[in-house]
Amino acid sequence: GNQYYPSHHNVGGDCTNSACVPSKALRSIAQQQQSTISTFSPTTARDYIQQTVQRVRRREDPQDIEQRNSNVTVHLVQSCQFVESPSSSTTATKKKKTKAPPTLQLIYPNQTTVTLQANTFIIATGASPILPNEWKQPASQAGIPLFTYRSVLRPEWNADFWSWFHNSHTTTTTYEGDGNDEPLTRKTLAIVGGGATACELGQALARLMKQQQRQKRIVLIAPQLLPNEDDTLSKAAKEMLISEGIEHIAGRLEDILPDKRLLISKPGEENSTTMTIHAVDALMVCIGRSPKESLKSLNLSAAGVAWSERGVSVNPHTLQSQTQPSCYAVGDCADAISPRHRTASQAAWTGFHAIRNSVVPWILRVGSRSVHPCVPRVIYTDPELACVGLTHSECDAAYGNDGYDSVLLYEDGSDRADMERTARKTSLSFLELRAKKGGGRVLGLTCCGPAAAELANSVGIAITNQLTARDIARSVHSYPSYGYLLHRVALSMALSDIWGLLEACGPVGTFLARIGRRMQALGGIFAKLLGAVRFDGRVGRSS
């Protein structure tokens with residue numbers, strides 16, 4: 001197969017060059033900044049990010065890819081877009097599929113133009129940070145630079161952020177909502193957004209700022225941190241950022257005023273809103289990512305491919321375009337993938353399955369999912385925040401308040417926490433496991449700790465394979481590993497009723513416990529049926 005990349009991009013996309021890899025390098029350098037023997041400057045941090053990315057790029061070199069895979073040819077092009085096929089003029093609609101193979105036009109760096117047709121095209125152009133147009137002009141007029149995660153993590157494209165970060169001069173004055181003027185002696189960076197990117201970059205930059213604590217500060221503007229996750233995770237994120245000296249303003253950015261001030265709406269009493277004004281020197285926008293720009297550049301309408309701001313309209317079972325059978329979309333480009341599951345691992349999963357679906361007969365694919373339903377969601381702060389499977393609210397919606405069990409355990413007071421109490425803030429770490437009542441099938445996990453990502457991976461295995469809390473409890477975890485907390489939670493759930501205790505007796509007890517659980521489940525069904533039948537035998541409200 002042939003792979004086509006714009007020449008100004010590198011293989012690996014945002015993950016290697018602007019997001020996953022450089023953000024973890026920034027976290028690492030920020031962690032080292034915490035050490036009393038470390039004296040990293042902003043320039044050192046920027047160089048460390050670039051060096052890390054270069055190391056990964058060497059493993060993804062196009063020539064190496066071709067050498068390792070003789071059936072793959074990589075083309076670096078200046079631009080690529082679909083053009084009208086001579087054999088078809090059908091336009092993209094969700095009701096009518098375009099049958100003619102699309103035509104792709106390639107322009108190479110030497111200005112050579114090539115057009116080609118193929119039986120299958122895989123669209124994997126990723127997504128870009130969202131930067132609202134309505135903020136650009138007011139920010140420019142106010143002299144406030146607008147940054148995104150790419151400004152921080154890909155300085156080779158634009159060095160403006162690190163130049164601003166390195167410069168400590170400031171003349172900012174802040175104005176509070178009551179009209180009192182308060183002169184600032186620190187340059188202020190406002191991060192707009194409360195998701196994973198805002199939390200990760202906020203903490204890392206705050207740590208790098210500590211050498212110049214009197215010159216800079218960070219404020220984070222968002223109605224809530226991690227709004228799509230459990231409250232326990234949101235509260236842990238807020239406590240973590242506050243401990244780093246970051247101020248969280250619970251509100252929405254409404255306008256950018258000409259004198260470097262932001263108009264922010266805050267929820268008030270009885271559904272009212274109040275307005276506050278804060279002066280800032282720079283804005284970092286972390287409100288999400290969108291595939292709109294990358295898909296727009298491909299001129300998909302010429303190929304008969306229907307798409308929207310959410311991505312290419314695809315069949316969720318095959319990832320095939322709903323209007324052009326020759327095209328598939330994966331990762332951030334596919335609208336079948338929910339925004340919170342658009343991760344690098346999901347992109348790899350869908351990429352493999354799109355290729356498989358294009359060549360393997362459907363009979364061999366029956367029962368296989370092209371979009372993975374259980375992707376761990378990890379915020380790589382220090383400590384890490386993670387969630388996998390269903391959240392509390394999702395469990396409530398699916399099973400009701402009494403349809404599942406949940407056990408929350410804080411690490412503070414455990415043996416491992418006592419061992420590391422001077423090395424880290426152990427009071428932040430916790431683990432919460434959710435399992436279906438009766439059967440014990442694992443439904444979800446929320447956790448915070450040094451190895452939260454690894455715990456989410458382990459529980460993700462349990463969810464994917466429909467294992468129970470008893471299965472986790474039967475698997476011995478090493479002591480005193482971070483995973484030992486998970487073992488303790490699973491053990492408490494497994495032994496919480498008579499059936500669990502009976503299972504612990506051995507194979508015969510396990511057999512009897514299974515019979516008991518099934519009888520108990522049947523009894524619950526009969527009880528509900530009887531509760532819906534009146535004494536006179538008619539179905540309706542109980543007497």
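Predicted model: local features only at pLDDT ≥ 70, side-chain atom pairs only at ≥ 80, totals over all residues.

**Rings, charges and a helix**

I started with Y410, which counts as partly exposed at 43% relative accessibility. My scale: buried is under 20% relative accessible area, exposed is over 50%, and partly exposed is in between, with a 1.4 Å probe and protein chains only. F430 counts as buried, at 3% relative accessibility.

Residues are numbered from 1 along each chain as its sequence is written, and side-chain values use heavy atoms, with hydrogens and water left out.

Next I looked up the aromatic pairs and found nine in the structure. Rings of Phe, Tyr and Trp (its six-membered ring) pair if their centres lie within 6.5 Å; planes under 30 degrees apart are stacked, over 60 edge-to-face, and the rest tilted.

I checked F147 with F161: the pair is edge-to-face, with 5.1 Å centre to centre and 85 degrees between the planes. F147 is in strand 8 (residues 146-147) and F161 in helix 7 (residues 160-166), so this pair ties together parts 14 residues apart in sequence. Helices (H or I, at least four residues) and strands (E, at least two) are DSSP runs, numbered from the N terminus. F147 and F161 are both buried.

Back to Y410 and F430: their ring centres are 5.7 Å apart and the planes sit at 50 degrees, so I logged the pair as tilted. Y410 belongs to strand 24 (residues 404-410) and F430 to strand 25 (residues 430-436), and the pair links distant parts of the chain, 20 residues apart.

Which residues form one aromatic cluster? I got F147, F161, W162, W164 and F165.

Then charges over rings (NZ of Lys or CZ of Arg within 6 Å of the ring centre and within 35 degrees of the ring normal). K216 lies over the face of F165, 5.4 Å from the ring centre. R416 has its charged end over the ring of Y482, at 4.0 Å from the centre.

Last stop was helix 5 (residues 133-142), where W135, P138, A139 and A142 are the buried residues. They cover an arc of only 100 degrees around the axis (taken from the directions from the helix axis to the C-beta atoms), which puts them on the same side of helix 5. N133, Q137, S140 and Q141 are exposed on the other side of helix 5. Just after helix 5, I noted G143 with a positive phi of about 75 degrees.
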